[in-house]
Amino acid sequence: MKFPIYLDYQATTPVDPRVLEAMLPFFSEQFGNPASRTHVFGWRAAEAVDVARAQVAALLGARSPEEIAFTSGATESDNLALKGVARACRDKGGHVVTVATEHRAVLDGCKRLEEDGLRVTYLPVDKHGMVSPDAVRAAITGGTVLVSVMAANNEVGTLAPLAEIGRITRERGVLLHTDAAQAVGKIQIDVEALGVDLLSLSAHKLCGPKGVGALYVRRGVRLSPQMDGGGHEFGLRSGTLNVPGVVGLGKACDICRLEMAEETARVRTWRDRLHAEIAGALDNVSLNGHPAERLAGNLNLSFAGATADAVMATMKEVAVSSASACTTAAVEPSHVLRAMGVKRLLSHCSIRFGLGRFTTKEEVDYAARRVIEVVRAVRAMPPMEQLAIVAARDRC
Ligand SMILES: *Cc1c(COP(=O)(O)O)cnc(C)c1O
């Protein structure tokens, strides 16, 4: 077993060696600009981009590769979807519906829309982090132009009832955007069956490289570009493409399409094993997220009486995370856990374990043993001592 052990797949993932191999030529011999129409260097790069576009489209069930626009990642895709629709549909109304537990890219994007005079409704979730389709239906008004609901939550893994929401938005003639950065390559996504009009994804969440992603834009959906200059990507996103990144994203999607079913089953087995071992040995462990409708690689647990920061500072050889990582009481707890009704104190005792393609049984068993050991030790400490461990880590 190699240390440290990486269990933070919702933050980012390692690049699959097959993805890296596909990318490498585009850093060296195949350096052409896909927008160069006059010579073979450009043609070859453009061909590689076409292949990648088709690979992304195939994973999403898109009707045409031309519905895929490459971006720098899901943050940019979210911004392009929200602001692009808001500007293009200004005459139709100024209302957007989203959910309180969305990623910052969507929530901060919505804040900006509010500054620009649009109205945004932030729907609540239940204790499992699930939004109700009826709440979506009730929030839609005559002026609603867009509903944005994330497919899978990055903190607690809860999967949204997208198909039902898609039926509602189609019925009402409102566009549906989904931030699917955590869902693509992990669960079956079919934009046609789901009735999704816009979908954001990011390569580095599916064993591809960082700094590249895509926005699926259903044919016929009008979107105002956020970046001007050159008219690349069907006029939606100007700028020379990151060709190695785009090739890597395509390859990563192709691997997911072929291996997702087998990989998800394996990851779920290790995730359930980790959960069972920890919950079997420790009292007062609570699961955050939906018990069943949840990403296979996500396990978010609260350990009452053991602050997440103290546990993580002690267990340095296992890389996990906590959305409320903080060293001072002033830092806000995770907005996701708060929206789910998790008590403030308990939210500071919550740790996210993210498992993925390269996670092994040995790593899971080691992590479970260490978590049990460390949580027991931290729980035995007075609160001031828990703070001191964190302060000591932050000094070095
Ligand atoms: C990671 C993530 C993002 C941001 O993606 P980047 O490509 O890093 O900009 C947005 N939304 C969700 C749900 C994510 O998990």
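Phenylalanine 27 sits in the loop that links helix 1 (17-23) to helix 2 (40-60); helices are DSSP runs of H or I with at least four residues. The model is predicted: local features need pLDDT of at least 70, side-chain atom pairs count only at pLDDT 80 or more, and totals for chains, interfaces and linings use all residues. Residues are numbered from 1 along each chain as its sequence is written, and side-chain values use heavy atoms, without hydrogens or water.

Phenylalanine 27 counts as exposed because its relative accessibility is 54% (exposed is over 50%, buried under 20%, 1.4 Å probe, protein chains only). Val15, Leu20, Leu24 and Phe27 make a nonpolar surface patch of about 360 Å². Patch residues have over 30% relative accessible area and no salt bridge, with nonpolar side chains joined within 5 Å. A salt bridge puts a side-chain nitrogen of Lys or Arg within 4 Å of a carboxyl oxygen of Asp or Glu.

## Ligand site

The residues around the ligand include Gly73, Thr75, His103, Asp179, His204 and Lys205 (a heavy atom within 4 Å). By class, this shell has three nonpolar, seven polar and two charged residues.

The protein covers 87% of the 380 Å² of accessible area that the ligand has on its own (Shrake-Rupley method, 1.4 Å probe).

## Tyrosine 9

Tyrosine 9 lies in the loop between strand 1 (5-6) and helix 1; strands are DSSP runs of E with at least two residues. Tyrosine 9 counts as buried because its relative accessibility is 6%. Its C-alpha atom is 33 Å from that of valine 145, 136 residues apart along the chain.

Definitions and conventions: Patches are made of residues with over 30% relative accessible area and no salt bridge: like charges are joined within 9 Å, nonpolar side chains (Val, Leu, Ile, Met, Phe, Trp, Tyr) within 5 Å. Ala, Val, Leu, Ile, Met, Phe, Trp, Tyr, Cys and Pro count as nonpolar, Asp, Glu, Lys and Arg as charged, and the others, Gly among them, as polar.
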